[in-house]
Amino acid sequence: MEIYDGIISDRGSKYAVSGGACGSEEEAKAFLKELCRKKKFAKATHNTWGVVLPDGTPLKNDDGESGAGMVILRMLEREGVTGQIVVVTRWYGGKHLGGDRFRHVQDAVRYYLDRV
């Protein structure tokens, strides 16, 4: 499990990105469970994620951040990345970010993909 914390900050909201190997829906759930064992991540406002399983099955979850899971999934598909779950975590800072939140999700995914 790779975790990059505090990579983006905007109007009080803070973002982190994490990821690792994932071959099934059960492994995706286990990854999230392990991530949320860290109290900081368990208390996050959103833990959005996406993965393209090795068999090509796409899975995603917005965790209340509408549309964010699809942003992650599309980036993974475009890059041809399979078998890697990517989780973008957001701690809400009190101000709405509008469309900037999608840019931050993209930037976080790019940050992760550039390092694996």
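Start by selecting Tyr4, which counts as buried at 17% relative accessibility; buried means under 20% relative accessible area, exposed over 50%, and partly exposed in between, with a 1.4 Å probe and protein chains only. You are looking at a predicted model, in which local features need pLDDT of at least 70 and side-chain atom pairs count only at pLDDT 80 or more, while totals for chains, interfaces and linings use all residues. Residues are numbered from 1 along each chain as its sequence is written, and side-chain values use heavy atoms, leaving out hydrogens and water.

**Stop 1: the aromatic pairs**

Rings of Phe, Tyr and Trp (its six-membered ring) pair if their centres lie within 6.5 Å; planes under 30 degrees apart count as stacked, over 60 as edge-to-face and the rest as tilted. By this rule there are 3 aromatic pairs. Tyr4 belongs to strand β1 and Tyr112 to helix α4, so the pair ties together parts 108 residues apart in sequence. Helices (H or I, at least four residues) and strands (E, at least two) are DSSP runs, numbered from the N terminus. Tyr112 is buried, with a relative accessible area of 1%.

Now select Phe41 and Trp91, an edge-to-face pair with 5.4 Å centre to centre and 65° between the planes. Phe41 lies in helix α2 (residues 39-42) and Trp91 in strand β5, so here the parts tied together are 50 residues apart in sequence. Phe41 is buried at 4% relative accessible area, and Trp91 counts as buried at 15%.

Next, show Tyr111, which forms one aromatic cluster with Tyr4 and Tyr112. The charged end of Arg115 sits over the ring of Tyr111, 3.5 Å from its centre. A charge sits over a ring if NZ of Lys or CZ of Arg is within 6 Å of the ring centre and within 35 degrees of the ring normal. Lys40 has its charged end over the ring of Trp91, 5.2 Å from the centre.

**Stop 2: helix α3 and the cores**

Select residues 68-79, helix α3, whose 12 residues reach 17 Å from first C-alpha to last, close to the 16 Å expected at 1.5 Å a residue; the expected span is 1.5 Å times one less than the number of residues. Its buried residues include Val71, Ile72, Leu73 and Leu76. They pack against β3 (46-52), β4 (58-61), β5 (84-91) and α4 (100-113).

A nonpolar core is a set of buried Ala, Val, Leu, Ile, Met, Phe, Trp, Tyr and Cys residues joined through side-chain atoms within 4.5 Å. The largest has 20 residues, and Ile72, Val86 and Val109 are among those with the most contacts inside it. α3 gives the most to this core, with 6 residues. Click on Val109: it touches Ile72, Met75, Val86 and Val88, not counting residues up to four places away in sequence, where contact means heavy atoms within 4.5 Å. A second, separate core of 15 residues includes Cys22, Leu35, Ala44 and Leu53.

**Stop 3: the cysteines**

How many disulfides are there? The count is 0, with a disulfide taken as a pair of cysteine sulfur atoms within 2.5 Å. The sulfur of Cys22 is 14 Å from the closest cysteine sulfur, in Cys36, too far for a bond. Cys22 is buried at 2% relative accessible area, whereas Cys36 is partly exposed at 29%.
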